Amino acid sequence: MPASTSEKPVSVSRFQEKGFRFLGLTFQDVIRYFFGGNASLAIVALLLICVFLIREAWLFFPTHRHDLAIFRQTGVEYVDLMLQEGIAHKEAYTLLNQAYLAELNEPSQSVAAILLAHQQVALEVSKANQRTVDDWKKADDAGKVALRTRWVEGAEKALDQNETWNVEVARFEWTGDLRQKMRQAVLEEGPGGDEKSPFIAELEERKAQIFAETSERLKPFNAIKLAFRNAGRPLDALTDELAKIAKENRELASTFSSAPERKEALLEGAAMETDPVIKARKVAEAEAIVMVAPDYASLTRPFYDSVPKHDAVNTALRSDLAGILATFPEPGTLQTELGRKNLRLAHKSTEQLLGKLKLAAADVKAWRHDAKVGFGAAVTSFFFGKRWITNSSWQDFYGVLPLFSGSLIIALIAMVVAVPFSIASAIYVNQLASFKEQSFVKPTIEFIGAIPSVVLGFFGIMVLGTTLRDVSQLEWLSWVPGFPMQERLTMLNAGLLLAFMAIPTIFTLAEDAINNVPHAFTESSFALGATKLQTVFRVILPTALSGIIAAILLGFGRIIGETMVVLLVAGNKIQIPDFNAGLGVIAQPAHTMTGIIAQELGEVERGSLHWRALFMVGMVLFVISLIINYIAQWVVKRFHKV
Amino acid sequence: MLRRELIRSTKWFPYPNTTTIPKTIHRMKKTAILAAFAAFAVAAVAEDKIVIKGSDTLGAKLVPQLAEAYKGAGNSVSFEIAAEGSSTAFTALLEGAGDIGMSSRGIKQKEIDALAAKGMKQVEWLAGFDMIGVIVNEKNPVKNLTKEQIKSIFVGEVTDWSEVGGPAGPISIYTRNTSSGTFKAFQEMAMDEKDYSKDAQMMAGNEQIAQEVGKNANGIGYVGLAFATGEGIKAISVEGVELKAENAKQYPIARSLYYYTVEGKLSPAAEKFVKWATTSDEALAIVKKVHFIPAK
Amino acid sequence: MPDGILLNLTPMNRFKARPSTLSSVEKLVKIILWCATYFVIACALGIFADIFVKGAPVVFQKTPPFINVPFLTELPETLVIFEPGPGETLKLNEKAFDRFRSRNVQVAFTSEKVDANGMVSFTVEERKALQIGQSFYRDEFLASNPGFKPISESSASYSGGGILGPIVGTVLLTTIAVVVALFIGVAAAVFLNEYSSGGPFIDTIRLAILNLAGVPSIVFGLFGLGLFCLALGWGTSMLSGGFTLAVMILPVIITASEESLKAIPKGFREASLALGATKWQTIRKAVLPYAMPGILTASVLGVTRVAGETAPIMFTAAVAAKDKLPWENLGDGGFFSQSVQSLPYHIFTVSARIPQTEYTRPMQYGSVFVFMVMVMCLSGLSVWMRTHYRGKLKW
C-alpha cells in the first residue's frame with residue numbers, strides 16, 4: 001500500500017480501541033485495507049479484461065500462421081491468386097454489363113413500368129380476394145363460374161379503394177385513361193390470372209418489340225460485352241481445374257494435422273471403456289489413423305506444371321482485354337446517365353485490371369509452396385486484410401479492415417450529425433434558454449441517453465429503415481448522395497440512430513464545459529460592448545473548447561463501441577464500402593467490429609481460430625477505446641492550462 | 001475535471017447538499033434483502049429440464065411447438081431453447097451445455113473429432129427434411145429460375161434482374177451468417193461450393209432475410225420452407241419445381257434436419273422427448289404443420 | 001418580424017441598438033440554435049410516440065381491469081391463429097382454452113355450430129372469452145370437434161402469452177449487478193475519498209476507473225464470457241451475467257459515490273474525530289449516512305444503465321426461450337446458475353430472429369413498450385431522488 005499516511009495522526013487517538021489484532025493489523029488497518037482492496041478492483045478489473053482478452057486471443061497469430069502455412073503448402077494460396085484474377089475480371093465485366101443493361105432496358109422502360117404497375121395492382125386485388133383465389137385453384141369447371149362472379153364483385157370493391165392503386169414503380173403516373181384500361185384488364189384476367197387481357201398482351205408485345213429493336217441496335221455493344229466475358233473463360237477453366245486439386249490437398253493436410261489429437265482421444269476413450277468389444281474397436285480405430293505427413297512437394301507438382309499454362313492464359317487475356325478496351329463505345333454515345341457512368345467505371349476498372357493481371361502473372365511465377373510464412377504475414381493479414389470470410393469452402397480469411405471501415409464510417413456519420421446538434425443545443429440551453437426552458441430541455445435530452453440501444457435498433461428496423469428508404473425515393477431529394485436508396489438497413493440508418501445515442505453524451509459534457517467558463521470572462525466581454533452571441537462564439541466557446549473536444553471524443557468512443565443498433569440496423573455486409581460512390585457510400589450496408597462479435601461469437605467452436613479472431617477484434621475495440629480515452633484526457637490537460 | 005464530466009454524463013446524479021438518510025431506509029433495505037433470499041430459498045419441486053440448442057431453422061418454430069405439444073401431452077418437463085445457428089449445437093454438446101443439439105446440416109468431421117477428443121460420440125436423429133426456398137419480393141414478376149441462374153446470382157455474376165427475365169433493377173442478395181447450416185447447405189446444393197458474392201448481406205436469421213426481401217422489391221434470399229410464407233415475399237420455382245412439401249423429391253435444394261445427442265450422456269427425460277419428437281404421429285403432424293417434411 | 005424590430009427602435013430610445021446586419025444575424029443564429037435543440041427533442045418525442053401508440057394498446061385495454069394482465073403474467077408461448085368463420089380470425093392459447101371450457105362446458109364447440117361449409121360461428125361473448133388468453137391448444141379442440149375445419153391456420157412463435165419470464169430475468173440480473181457493484185463501488189469510493197491522499201497508486205486507480213468507463217459493452221461481454229463463464233466455470237448463468245454487468249457499472253457507481261462523499265462537509269468528520277471516534281466510526285456514523293441518498297441515486301442510475309444492456313448478457317446469461325420462471329424449476333444447478341430470459345434479449349429475439357407476421361407485432365411493441373416504461377420509471381425515480389434530496393436541508 002504505497003498510499004501516504006499523512007492524514008493519519010488521528011489514529012493515535014487515545015480513545016482508539018486497543019488490543020484487537022488481526023494478522024498484525026489493527027481493526028482500523030483491516031478496514032482500511034478492505035476499502036483499499038475494493039478500490040484496486042478497478043485496476044484488477046481492467047487488468048482482468050486485458051488478461052482474458054489476451055488469454056483467448058493470444059494464440060490467434062501462431063494458429064493463423066499455421067493455417068496460412070497450410071494454405072501455402074497445399075497450393076490453395078496459389079489457386080487463390082488466380083481466383084483473384086478471375087474476380088477482378090468479373091468485377092470489370094459486371095460494370096460493363098450494367099452499362100449495357102441500362103442501355104438495353106431504357107427504351108422499353110415506360111412500357112415496362114405500366115406492366116409492373118399492372119402486376120402490382122393485380123397482386124393487391126388478388127390479395128384482397130385471397131379466399132376466392134384459393135378456392136378457384138381447387139374448384140372444378142362448374143364451381144369456377146360461380147367463383148368468377150364472386151371474384152368480379154370482390155375485385156371491383158378492391159379496385160374502388162385508393163390503396164390498391166398505390167404502386168411503387170419509378171417514373172410512373174396514373175392517368176385517368178390508363179387507370180380505366182388497367183381496371184378493365186384486371187377484371188378480364190379473372191382470379192386465376194391465367195387469361196390475358198388484350199390490353200396487357202398488347203403492351204407485352206410492344207415491350208418485346210422495343211426490346212428486340214434495342215438489342216438489334218446494341219448488337220455491337222453486346223458483342224464487346226460477350227467478348228469481354230468470354231476472354232475470361234480459359235482462366236476460369238484453369239482455376240476450376242486447379243481448385244479441385246487444391247481442395248483435395250487441403251483435405252489431406254487437415255486430416256493429418258488433426259490426426260494426433262484424434263488418436264489420443266480414441267486411445268483415452270478406449271482406456272476409460274469397460275466393454276472389451278468397444279475397447280478393441282476404439283483401439284483398432286486409433287491404430288488405423290495414419291500419421292504420415294503428406295508429401296507437399298509432389299502434391300503441389302500440378303501447380304508448378306501449370307505455371308506456363310497460366311502464363312499463356314494470362315497473356316492471352318491481357319492482350320484480348322486490351323484489344324476489347326480499345327473497341328469500347330464512347331461513353332458519350334450512350335443514352336442513359338447510368339450507362340455512361342458504368343461504362344466510364346468499366347473503362348477505369350479494366351485499365352486497373354490489366355495492371356493487376358500483370359502483377360498477378362509475376363506473383364504466380366514467384367509462388368513457392370515451401371516458402372516460409374512469416375509471423376508478420378499472420379499479423380498483416382489480420383490488421384490489413386481486406387477480406388473477412390469465414391466458414392468458407394475454400395480458404396478462411398480474417399481481415400479486420402472491412403469491419404473496421406464499417407465501424408468507422410458509421411461512427412463518422414453519427415458524429416457529423418450529432419456534433420452540430422448537440423453543441424448547438426448545449427449553447428442554446430446554457431446561454432439563451434430561459435430557466436423554465438432549461439428545466440424542460442435538459443432532462444429531456446438527458447433522458448434520450450437512457451433509451452436502451454436495443455429499443456433504438458428495433459425502431460431502426462421497424463420504422464426508420466422503411467421511412468428513410470421511402471423518403472430517399474422522393475424526386476426532389478435525389479441530389480442527396482446515395483439517394484435513392486435501395487436498402488433499408490444501411491450505414492446511414494445506423495449512423496442516424498447512433499447520432500441519437502451520442503447526442504445526450506456530447507450535450508451533457510459540452511454543456512458542462514460551457515458552464516464551467518468563469519463568469520468574469522463573460523462579464524468582461526459584455527463590458528467591452530460585445531453582444532450576447534459575440535460573447536458566446538468568441539469568448540465562451542474558445543474557453544470551453546477543450547471540454548467540448550473531450551465531449552466529442554467521448555461521444556465518439558461511446559458510439560464506436562455500440563453493438564445492438566449496428567447489429568440490427570447496419571445491414572451486415574462484410575465488405576469494405578465502395579468509395580467509388582463518393583458520399584453515396586452512406587447508403588450502403590456494412591458490418592462492424594462490435595456487430596461481428598455479437599453475431600458470430602455464440603456460434604463458433606470454442607478455442608478455434610475463428611473464436612480467437614473474434615477475441616482479437618475485441619482487443620482492437622478495447623485498445624481503440626483506451627486510445628480515445630487517453631486522447632480525451634490529454635486534450636483536457638493540454639489545453640486547460642492555457 | 002474530466003472525470004467529473006464523465007460522471008455527469010451519466011446523468012441525474014445528485015450533487016447532494018443532502019440531509020440525513022432515514023434509518024428506515026437501512027432497515028427496509030435489510031428486510032428487502034432478507035426477503036429476496038428467502039424467496040430464492042423456496043425451491044420448487046424440480047422437474048426434468050431439457051436444454052436444446054442449435055439451428056435457427058429448427059429452433060424458431062418447430063422445436064418450441066414440439067415442446068409445447070409434448071408438455072400438453074402430459075409430460076412434466078421444462079424446456080430451454082436457444083437457436084443461434086447449427087454450429088452452436090455442437091459447441092453446446094461439447095461443453096455439456098445442452099442435452100439436444102438441433103442442426104440443419106450433418107455433423108462435420110471436425111466436430112466429430114472435437115467430440116471424440118473429449119471421449120464423446122454423437123448420436124444422430126433424423127428430425128425431418130427441409131426445402132430451402134429461394135424467395136423474392138412478391139412484386140417481382142420472376143416466377144422461375146434455373147439452378148444455374150440462382151448460382152450466378154448468389155456468386156455475384158448476375159447483378160441485374162433484367163438478366164434473368166425480371167424488370168430492370170440491381171439485385172440485392174440476402175444470405176445467412178456463416179455459422180448457419182442453411183448458409184452451408186445452400187452453398188453446397190445450389191452454388192457448387194462457390195463462395196458467396198461479397199455484396200451479399202449476412203442476416204442473423206431466416207426471418208431477417210424474409211423481412212428484408214419482403215421490403216425490398218429487388219431482393220433475393222433463401223429461407224427454410226417454414227419461413228417462405230412471410231409478408232411480402234414469394235417463393236420461386238427452381239428448375240420449374242414449385243416449393244411445396246409434395247415436391248420434396250424433385251426439388252433440387254432440399255436437405256435433412258437432425259437432432260444430435262451424446263452417446264451415454266442423454267438424460268432419460270431428454271431421450272424420451274427426442275424419441276417422441278422423431279417417431280410419434282403427434283410430433284410428425286406438427287412437423288408437417290410447420291412446413292417441414294416428416295422423416296417417415 | 002422586421003416590423004417588430006423597427007417599432008422598438010424608435011429614435012426616442014437612444015440606448016437601443018440600431019438595426020444592423022449584426023443584430024439580424026444574431027436573430028438568425030439564435031433561431032438556428034433553437035431549431036437544433038427542439039429538433040432533437042422532436043425526434044425523441046417521435047420515437048416515444050411511435051412506441052407508445054403501437055405498444056400501449058397491447059398492454060392496456062378498454063375494459064376492466066384495463067391492463068392486459070396475461071401479457072404481464074404469462075410466459076412467451078406460440079400463438080395459433082385460425083379462421084373459424086369467413087373473415088374472422090381467432091388467436092388462442094391452451095391455458096385460456098382450458099379456462100374457457102371449464103366455464104362453458106362444451107357449449108361453444110358442439111357441432112350444431114358448424115355450418116354447411118364446415119365453419120364454426122361464435123357469438124360475441126364466446127369470442128371474447130376465447131380471446132382472453134392469446135393462444136389455444138388447437139389439436140385438442142379439433143379432436144373434440146370432428147366437424148370443424150379450420151381455414152388457413154398458422155402459428156407465430158413467441159407471439160402468444162406474455163413477457164413475465166423476460167421481466168423477471170431482467171429484474172434478477174440487474175439486482176445481482178447492482179448489489180455487487182454497490183458493495184464494491186461504495187467501498188472503493190470510501191477508500192478514494194476518505195483514506196487515500198494522492199500518490200501514484202491512487203492515480204493509477206483513478207485512471208483505471210476512467211478507462212473502465214469507456215470500454216465498449218461488447219468487450220465486457222467477451223470478458224465476462226472468458227472469466228465468469230469459462231475460467232470460473234459458472235457457465236451461461238444469471239451469476240455470470242450479473243457479475244459482468246456489475247463490472248460494467250462499477251465506474252459509474254464509484255465516481256457517483258465519491259462525488260456524494262465529497263459533498264459532505266469536512267466539519268462532519270472533524271467533529272466526529274474530535275469527539276474521539278475512530279476513523280471507521282466516523283465514516284460509519286458521520287459520513288456514510290449522509291452520503292446515502294447520493295449513493296442510492298447512483299444505484300438507481302446504475303440500474304437504468306444495466307437494465308438496457310444487451311451485448312454483455314448475450315453470451316453470459318441470456319436464453320431465448322425458457323418455459324419456467326427461475327424459481328419454478330431449480331434442477332440440480334441451484335438458483336443462480338441457470339440462464340434466464342431478459343427483456344432486451346427478448347426484444348432482440350422477437351424483432352430479428354423469429355418469423356414475422358402481423359401477429360408478432362403486438363408482442364414486439366408490447367415488449368418494447370413495457371421495457372421503455374420500466375426504464376422511464378427508473379429514470380424518473382432518479383430525477384425525483386435528485387431533486388428531492390437536493391431540496392432538503394442544506395448545511
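Colleague: In which hand does H16(A) pass H21(A)?

Modeller: In this predicted model, the crossing of H16(A) and H21(A) is right-handed.

Colleague: What else describes such a pair?

Modeller: In general, two packed helices are described by the angle between their axes and the distance between the axes. Here, helix H16 (residues 401-432) of chain A and helix H21 (residues 532-560) of chain A have axes 9 Å apart, at an angle of about 145°. Among the residues that make this contact are Leu408(A), Met415(A) and Ile423(A) of H16(A), together with Phe537(A), Ile548(A) and Phe556(A) of H21(A). Sorted by class, the contact has 18 nonpolar, three polar and one charged residues.

Colleague: At what angle do H4(B) and H11(B) cross?

Modeller: Helix H4 (residues 62-72) of chain B and helix H11 (residues 281-289) of chain B cross at roughly 145°, and their axes come within 10 Å. The crossing of H4(B) and H11(B) is right-handed. From H4(B), the contact uses Leu62(B), Gln65(B), Leu66(B) and Ala69(B), while H11(B) provides Glu282(B), Ala283(B), Ile286(B), Val287(B) and Lys289(B). The classes here are six nonpolar, one polar and two charged residues.

Colleague: How is the size of an interface expressed?

Modeller: It is often given as the accessible area lost when the parts come together. Between chain A and chain C, the buried area is about 7,500 Å², with 78% from carbon and sulfur atoms. Phe35(A), Phe447(A) and Phe458(A) lose the most area in chain A, together 9% of what that side buries.

Colleague: How many residues does each chain bring to the contact?

Modeller: Chain A gives 89 residues and chain C gives 87 residues.

Colleague: How many salt bridges and how many polar contacts does the rule find across this interface?

Modeller: The rule finds zero salt bridges between chain A and chain C, and three residue pairs in polar contact. On the side of chain A, the largest share, 21 residues, comes from helix H1 (residues 27-57). By class, that side has 56 nonpolar, 21 polar and 12 charged residues.

Terms used: Residues numbered from 1 in each chain as written. Chains lettered and ligands numbered in written order. Predicted model: local features only at pLDDT ≥ 70, side-chain atom pairs only at ≥ 80, totals over all residues. Heavy atoms only, no water. Axes fitted to C-alpha atoms, helices over the stretch in contact; angles between N-to-C directions. Helix = DSSP H or I, 4+ residues; strand = E, 2+ residues; numbered from the N terminus. Left-handed = near helix turned anticlockwise from the far one by under 90°. Contact = heavy atoms within 4.5 Å. Nonpolar A, V, L, I, M, F, W, Y, C, P; charged D, E, K, R; others polar. Buried area = accessible area lost by both parts, 1.4 Å probe. Salt bridge = Lys/Arg side-chain N within 4 Å of Asp/Glu carboxyl O. Polar contact = N/O pair within 3.5 Å; in protein donor to acceptor, adjacent residues only side chain to side chain.
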